[in-house]
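Biologist: I am new to this structure and would like to go through it piece by piece. Please show it first.

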Amino acid sequence: MIKTKATWVLVLLLGIISFKNFAQDVKIELGPGEIGLNETFTIKVTISDDKIKSYDQFPDILGFQKQGIQQSSSMNIINGQMSSSNSIIQYYRPTRKGEFQLSNFTIKINGTDYSSQGKSINVVDSRSSQRPSSAFDAFDEMFGRGSREEQEFIEIDDDAFFAASVDKSEVFVGEGINVSLAFYMSEENQAPFQFHEPGRQLDNILKKLKPSNAWEENFNITSIQPERVSINGKNWTKYKVYEATFFPFSEGEVTIPSISWEMIKYRVAKNPSFFGANRMEDFKTFYSAAKTVMVKPLPPHPLRNEVSVGEYQLRENFKERTAETGEGITYNFGISGSGNVNSINKPRTKQIQKLNTYDPNVRQQINRGMGKVTGIKEFSYYLTINEPGEVKLSNHFEWIYFNPRLAKYDTLRPQATLQITGESKVNQAISNQRLGGIYDLIEVENNKLSYQRYKSYFSIFINILLAASVILIAVLIVRKSNG
């Protein structure tokens, strides 16, 4: 019986605690209905006995500008019972005098919607001093020290900038241009910064950054990591937010426009206190300088519109180097190096009678890092050899490309030599092939003999015979008339 009662008491206590946690107390307070032109209007959200984990954007007010967000917390102990509250305050600065209306609005706090009635705000001439603020120092609240003036927040000069960087000012068509965007902050910087929605900002940046006349290989930065760099002898912390390599399709220019980047820059309290908020959220937008890269055409060459551009090497791979005539051999022609691996075409082949090739299987791997795009594209061929002897694959395969570092065309050719043994199967290979030409017409053409060679002579002879006949008839008629 005692055990049963204890169980019910435990269930009742858990229910009370659960109900208390479920029914979180959220309060929305609006600033005064009349303020001076040099004062601020506030919307304050307070939650009791819980933390503000997430919240929506505060509403916009016509005639006002948002001036930043302040967060504060307080704790009270009365008769041994502890209670706490957390607040978030949005500040608004009026832009002109007049009567303005804050409409009814809803704001989501910790995933739950809370509504508030709007109000009318009258903005009058500037006043000589700010009225007491409702944002008290938590220490004063704890010990019951009446109201004091609103905390003043000041902006600290920053030593930071946002920049776009390119690794070359001039390239050939098809040559890679490494482009990066980064936020730089010097080691002496005292202003507190924080990144503000980098993913959303990057989505908007990509719409205007990527040129229409170039292929993009995005390095897909997923986390912003600090990197220590030195610029003109001064140490900076670099936060790279975007990196890609562009491969231009045509000559002309590749332009990187000026890019804006917004950071959260906190204002700090002029007179910091032990309790309460000592900084206020604000925003600052940085702008990078535009960059232009000149794109030169490739030198004259019969294949300059088809070749790949980069620094490449040949990687050959065999399963077997010896075989019998007619047997199959797998040969991998791999092209590795730095450049636009996607644009690499299969090597050119020269058809020779004793060697047969089939369309290759293709495999590629692309690596992006250290400011370069590297990789390998491998063409796997199935070969059959019809005649014994030594076969040099350099007589059959070649791959032409343009090396931008040397500014000249180059050719990759195999170094491998195959040793083939067995009987010649060239005739067998020919018989297995479609002969084409005149042999295709054997089954469909008429089998009657045709002396095309003498046809013209016969026509001339007939014409001469007809002409002689006409002349003879004319002579006979003349003689008859005279007789």
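Biologist: Where is the place of Asn 232?

Modeller: Residues are numbered from 1 along each chain as its sequence is written, and side-chain values use heavy atoms, with hydrogens and water left out. Helices (H or I, at least four residues) and strands (E, at least two) are DSSP runs, numbered from the N terminus. In those terms, Asn 232 is placed in the loop between β16 (226-231) and β17.

Biologist: What is phi of Asn 232 near?

Modeller: Most residues other than glycine have a negative phi. Asn 232 has a positive value and is not glycine. Its phi is near 55°.

Biologist: Is Asn 232 buried or exposed?

Modeller: Buried means under 20% relative accessible area, exposed over 50%, and partly exposed in between, with a 1.4 Å probe and protein chains only. Asn 232 has a relative accessible area of 81%, so it counts as exposed.

Biologist: How many helices and strands does the protein chain have?

Modeller: The chain has 483 residues, of which 37% are buried. Its secondary structure comes to five helices and 32 strands.

Biologist: Which residues touch the most other members of the largest nonpolar core?

Modeller: A nonpolar core is a set of buried Ala, Val, Leu, Ile, Met, Phe, Trp, Tyr and Cys residues joined through side-chain atoms within 4.5 Å. The largest one has 29 residues. Elements giving two or more residues to this core include β13 (177-186), α3 (198-209) and β17 (234-248). The members that touch the most others are Phe 162, Leu 181, Phe 183, Phe 193 and Tyr 242.

Biologist: How many residues are in the second, separate core?

Modeller: Ala 323, Val 341, Leu 355 and Ile 420 are among its members. The size of this second core is 27 residues.

Biologist: In what order do the three strands of the open sheet come?

Modeller: Strands of a sheet pair through backbone hydrogen bonds, either parallel or antiparallel; here two strands pair if DSSP finds at least two bridges between them. The edge strands are β23 (322-324) and β29 (389-392), each pairing on one side only. The pairing in this sheet is mixed, and the order is β23-β32-β29.

Biologist: Which residue in β32 stands opposite Gly 389?

Modeller: β29 and β32 (residues 417-421) run antiparallel and are joined by four bridges. The residue opposite Gly 389 is Ile 420.

Biologist: Arg 127 forms a salt bridge with which residue?

Modeller: A salt bridge is a side-chain nitrogen of Lys or Arg within 4 Å of a carboxyl oxygen of Asp or Glu, and the structure holds 21 of them. In this pair the closest N and O atoms are 3.1 Å apart, and the two residues are 88 residues apart in the chain.

Biologist: What is the mean pLDDT of the protein chain?

Modeller: Where pLDDT is low, the predicted coordinates should not be read in detail. It stays under 50 over residues 130-148 and over residues 434-441. Across the chain, 78% of residues reach 70 or more, and the mean is 81.

Note on methods: Predicted model: local features only at pLDDT ≥ 70, side-chain atom pairs only at ≥ 80, totals over all residues. pLDDT = per-residue confidence, 0-100. Contact = heavy atoms within 4.5 Å.
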